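Hello,

Please have a look at it first and then read on.

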Amino acid sequence: MKRSYFSVVMFSLFLMISCGTDTGTGNGNGDTGNTGNTGNTGDTGDTGNTGNTGDTGDTGPHGAFCALECSKAEDCVLSTSPTAINDADNFNCTNGACIYKGCNSDDECDQTYQIENAYKCRKFDTTTIPMCAAVCTTSDDCHSYGAGSTEQAYDSDNYACTDGACEYKGCKSDSECSTTFASADYGCREFNYVTVTMSNCTDLCTTAADCVTNGSNYTEDNYECINSACVIKQCESDQFCSDTMGSDYTCYEF
């Protein structure tokens, strides 16, 4: 039976980790010297050495992306008839920006895909947020093609059956991607999604100009060509986002 792996993007990320700053503490006071003969005060003991300052903790993942502006979570729902995984309780309005937080329950997945007990809401090590994933007993239940196929990027060998749900582990080679998309213009590259690093099929490029697609808001200025892969630049200002996405978008930094 074929199973499709539905992934709710992106980048939206995303859970932040911050570490505190530890400061070492030394022995602050030395011992007081003995009192001398009458009238003479003994020498003051040596002051103890101050402890070394502890290393500053990592500040955690950080970056910036364009997000829809909001004053409340309801502002983030664009559809007039949202699904159970795209309504107000699936968003946070954080610092005036819409942040998609993923599905909330298995029931939301059932309502969205209209198939009872066929999908589970799971947060995997390879995803930045909880998402609806097809149920499984083994990874053989997760392939998108014929049983036993291994030459494409979404075969059973690209999945793990984790906690009863299909977890996509990424592509393995350029060949898988070019076969899947029937084009030598596709390859397998590792991407850093802020809290997750994963290999995915992508358009290959020589320069940023190769990344521009018809009908997209993004221009050559919005891309970098890194390791032959098209990478969208992080936003640098609200103006960058409004020029690219529209006046209702802001640059969300984390």
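Is Cys 121 buried or exposed? Cys 121 has a relative accessibility of 12%, so it counts as buried (buried means under 20% relative accessible area, exposed over 50% and partly exposed in between, with a 1.4 Å probe and protein chains only).

Before the rest, a word on the basis. This is a predicted model, in which local features need pLDDT of at least 70 and side-chain atom pairs count only at pLDDT 80 or more, while totals for chains, interfaces and linings use all residues. Residues are numbered from 1 along each chain as its sequence is written, and side-chain values use heavy atoms, leaving out hydrogens and water.

**Disulfides**

The structure has 12 disulfides (a disulfide being a pair of cysteine sulfur atoms within 2.5 Å). One of them is formed by Cys 103 and Cys 121, with 2.0 Å between the sulfur atoms. This pair links distant parts of the chain, 18 residues apart: Cys 103 sits in the loop between β3 (97–100) and α1 (106–113), and Cys 121 in strand β4 (residues 119–122). Helices (H or I, at least four residues) and strands (E, at least two) are DSSP runs, numbered from the N terminus. The torsion about the S-S bond of Cys 103 and Cys 121 is about 100°, so this disulfide is right-handed. Cys 103 is buried too, at a relative accessible area of 5%.

Another disulfide joins Cys 136 to Cys 161, S to S 2.1 Å. Cys 136 lies in the loop between β5 (131–134) and β6 (159–162) and Cys 161 in strand β6, so the pair ties together parts that are 25 residues apart in sequence. Cys 136 is buried at 12%, whereas Cys 161 is partly exposed at 27%.

**Helix α1**

In α1, the buried residues include Glu 108 and Cys 109. The buried residues of this helix pack against β4 and β5. Just after α1, Gln 114 has a positive phi of about 60°.

**Salt bridges**

There are 6 salt bridges in the whole structure (a side-chain nitrogen of Lys or Arg within 4 Å of a carboxyl oxygen of Asp or Glu). Asp 163 and Arg 122 form one of them, at 3.0 Å from N to O. Asp 163 is in the loop between β6 and β7 (165–168) and Arg 122 in strand β4, 41 residues apart. Asp 163 is exposed, with a relative accessible area of 58%, but Arg 122 is buried at 17%. Asp 106, Arg 122 and Asp 163 are linked in a network of salt bridges.

Arg 189 makes a salt bridge with Asp 174, where the closest N and O atoms are 2.9 Å apart. That pair connects strand β8 (residues 186–192), which holds Arg 189, with helix α2 (residues 174–180), which holds Asp 174. Arg 189 is buried at 14%, and Asp 174 is partly exposed at 34%.

**Asp 203**

Finally, a look at Asp 203, in strand β9 (residues 197–203). Asp 203 is partly exposed, with a relative accessible area of 32%. Leaving aside residues up to four places away in sequence, Asp 203 touches Asp 185, Tyr 186, Ser 228, Ala 229 and Cys 230 (contact means heavy atoms within 4.5 Å). The side chains of Asp 203 and Tyr 186 make a polar contact at 3.3 Å. A polar contact is a pair of N or O atoms within 3.5 Å; within protein, one must be able to donate a hydrogen and the other to accept it, and residues adjacent in sequence count only if both atoms are side-chain atoms.

Best wishes
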